[in-house]
Amino acid sequence: MAVSEAQIQAALTEVIDANTGKDLIATKSARNIKLDGGSVSLDVELAYPAKSQLEPIRKAVMARLRAVAGVTAVTVNVSWKITAHSVQRGVKLVPGVKNIIAVASGKGGVGKSTTAANLALALAAEGACVGILDADIYGPSQPTMLGITGRPESKDGKTLEPMMGHGLQAISIGFMIDVDTPMVWRGPMVTQALEQLLKDTKWQDVDYLIVDMPPGTGDIQLTLAQKVPVTGAVIVTTPQDIALLDARKGLKMFEKVGIPILGIVENMSTHICSNCGHEEHIFGSGGADRMAAQYGAEVLGHLPLDIGIREQADSGKPTVVSDPDGTVTALYKAMARRIAVKISEQAKDMTSKFPNIVIQNT
């Protein structure tokens, strides 16, 4: 008895992608289904970077299709393709960049820059081409965290070549000034510097550009909301009430300007004693969950208060690079995949598909 495509499609509706929570037919991931007697071949194209997920998904598809009556051989190719997604109205995409993710917090000291660096590295570890823009003009920290020294080059005298660190394309005001030099600038100069760093950098086919935001809801945040094409924002907080107060302001600011909230990261969620293993919620517990429930957002993950995270970031080799197979790296990768999945579910940017309309006298 010959196998029908309807049978294969029905079987694929039972293969659930753990990252999306949906089956492969619902996400339109299953493509090019070909039947030759009892032989079945198909492609599975994911919309998010998933280097660590390719083999588990391939095995799940093969196991399910082999159970279909009449199937004698199965060939499955799993890959991914990342596309540009829609941003605020009236804001053009940045050349060489498909999606921009703002990593923000209402206040300083909650580990936002460390989280931004590790999320960028986690996306890169999953196979994406990733850039990071250090938008903290007054207190740039990404050069230290990524272990990058030197000055960016300009091959054409107009644009800057991004610096490279652990496979990331990076740009920061910190590359252009001495470590001890304070930026004594007023707001307009700061916002102009941010725009130049973003638009005068020669980004090379970046799937995701992570923007490490300064704390607060001031000039830079407003510039980002009005002039930078942001695909979505990630809010970083600690469980402490005082941090959550400011995180709420950051979240509401993005909502006001129409930038989707991709989720909340609760940093320093719990502390496990390195000597005795005792777990303690030093900054309280459940804060991010309550905030997420209040605003209809998603908690992407809970990160521990871990001396290793701090030491690794200070050394210029963040956790995802220093301990690629560790528990904390697995948390960062799971959050990064979830962020990428949430972006993939947003509307795609179609501006490149529209023709340019020229009106002329005839």
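Reader: Is Lys-98 buried, partly exposed or exposed?

Author: The general idea is that buried means under 20% relative accessible area and exposed means over 50%, with partly exposed in between, using a 1.4 Å probe and protein chains only. Lys-98 has a relative accessibility of 25%, so it counts as partly exposed. This is a predicted model, in which local features need pLDDT of at least 70 and side-chain atom pairs count only at pLDDT 80 or more, while totals for chains, interfaces and linings use all residues. Residues are numbered from 1 along each chain as its sequence is written, and side-chain values use heavy atoms, with hydrogens and water left out.

Reader: With which residue does Lys-98 form a salt bridge?

Author: A salt bridge is a side-chain nitrogen of Lys or Arg within 4 Å of a carboxyl oxygen of Asp or Glu. Lys-98 forms one with Asp-207, and the closest N and O atoms are 3.1 Å apart. This pair links distant parts of the chain, for Lys-98 lies in strand 6 (residues 97-104) and Asp-207 in strand 10 (residues 206-212), 109 residues apart. Helices (H or I, at least four residues) and strands (E, at least two) are DSSP runs, numbered from the N terminus. Asp-207, at 8% relative accessibility, counts as buried.

Reader: How many salt bridges does the structure hold, and where do Glu-55 and Arg-58 lie?

Author: The structure holds 13 salt bridges. In one of them the side chains of Glu-55 and Arg-58 meet at 2.9 Å, N to O; these residues are three apart in helix 2 (residues 54-66), so about one helical turn separates them. Glu-55 is partly exposed, with a relative accessible area of 37%, and Arg-58 is also partly exposed, at 27%. A network of salt bridges links Glu-195, Lys-199 and Lys-227.

Reader: Which residues touch the most other members of the largest nonpolar core?

Author: A nonpolar core is a set of buried Ala, Val, Leu, Ile, Met, Phe, Trp, Tyr and Cys residues joined through side-chain atoms within 4.5 Å. The largest one has 104 residues, of which Val-61 and Phe-254 touch the most other members. Helix 11 (residues 327-344) gives the most to this core, with eight residues. Contact means heavy atoms within 4.5 Å, and, not counting residues up to four places away in sequence, Phe-254 touches several residues, including Ala-102, Leu-224 and Ile-261.
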